Each structure stands twice: as structure tokens, then as C-alpha cells.
Amino acid sequence: MYKVKNLSVYCCSACSEVQVKTTTPKIRGCKRASFHNWMLIGEKGLNKYVCDGCGVKVNTMEVPLQNGCLGGKNHNWTKV
Ligand SMILES: [Zn+2]
Ligand SMILES: [Zn+2]
């Protein structure tokens, strides 16, 4: 079996943009701040979660980490 590089899910705490990458995404291009402030929230997977606070939707293996919701709050994930 060949090994696939794990994809990580990143969410910007300033603009709520989500990117799925093997490494931290580029910090340029944030709509709400000078730079994106990427938070690693989990490993890409088949479970779908939505945050009650910022409305962001992600696909991860397990419940995503809570750090980095808008306004310095914690994400509040619900499985969908
Ligand atoms: Zn951003
Ligand atoms: Zn959130």
C-alpha cells in the first residue's frame, strides 16, 4: 500500500476561510486582517462538522479543535 500525505484542515481566525493543505497555507489574502491567522483544526476526513459561532463547515477525521473562532472565541462544532 502506498502512503498518502495527510491533509490538514486550517481555519483563519480572522476571516473564517478554510483551506485543506499538507502544510500551513500562505498568510496573504485575508479579507478581514492584514494576514490570515491559520489555526490547525484537524486532519481531513469524512465527518462533517459545522461551527455554530462562525458558520464554517469542515470535513475532518474527528471533532475539530476549538481554537480560532471569530473574535478570539472557541469554535462550537456540531456534527452534520
Ligand atoms: Zn483570514
Ligand atoms: Zn467557529
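## Exercises on strands and core

In strand 5, T78 is the bridge partner of V50. This is a predicted model.

**Exercise 1.** Find how strand 3 and strand 5 pair, and over how many bridges.

*Solution.* Start from the V50 and T78 bridge. Locate strand 5 at residues 77-79. Then follow its pairing with strand 3: the sense is antiparallel, over three bridges.

**Exercise 2.** Work out how strand 1 is joined to strand 3.

*Solution.* For one pair of opposite residues, take S8, which faces E43 in strand 3.

**Exercise 3.** Describe the link between strand 3 and strand 4, including the turn.

*Solution.* Strand 4 covers residues 57-60. Five bridges join strand 4 to strand 3, and the two run antiparallel. Y49 stands opposite V58 in strand 4. Next, look at the connection: five residues lie between the strands, which form a hairpin. In the turn, G55 has a positive phi of about 80°.

**Exercise 4.** Which residues make up the largest nonpolar core, and which elements give two or more residues to this core?

*Solution.* The core has 12 residues. List them: V9, Y10, C11, C12, W38, I41, Y49, C51, V56, V58, C69 and W77. Strand 1 and strand 3 are the elements that give two or more residues to this core.

**Exercise 5.** Leave aside the neighbours of W77 within four places in sequence, and name its contacts.

*Solution.* Count residues whose C-beta atoms, placed from the backbone, lie within 7 Å. With those neighbours set aside, W77 touches Y49, C51, V63 and P64. Now check the core list: Y49, C51 and W77 are among its members.

Key:
Residues are numbered from 1 along each chain as its sequence is written. Chains are lettered from A and ligands numbered from 1 in the order in which they are written. This is a predicted model: local features need pLDDT of at least 70, side-chain atom pairs count only at pLDDT 80 or more; totals for chains, interfaces and linings use all residues. Two strands pair if DSSP finds at least two bridges between them. Helices (H or I, at least four residues) and strands (E, at least two) are DSSP runs, numbered from the N terminus. A nonpolar core is a set of buried Ala, Val, Leu, Ile, Met, Phe, Trp, Tyr and Cys residues joined through C-beta atoms within 7 Å. A residue is buried if 20 or more other C-beta atoms lie within 10 Å of its own, exposed if 12 or fewer, and partly exposed in between; C-beta atoms are placed from the backbone. Two residues are in contact if their C-beta atoms, placed from the backbone, lie within 7 Å.
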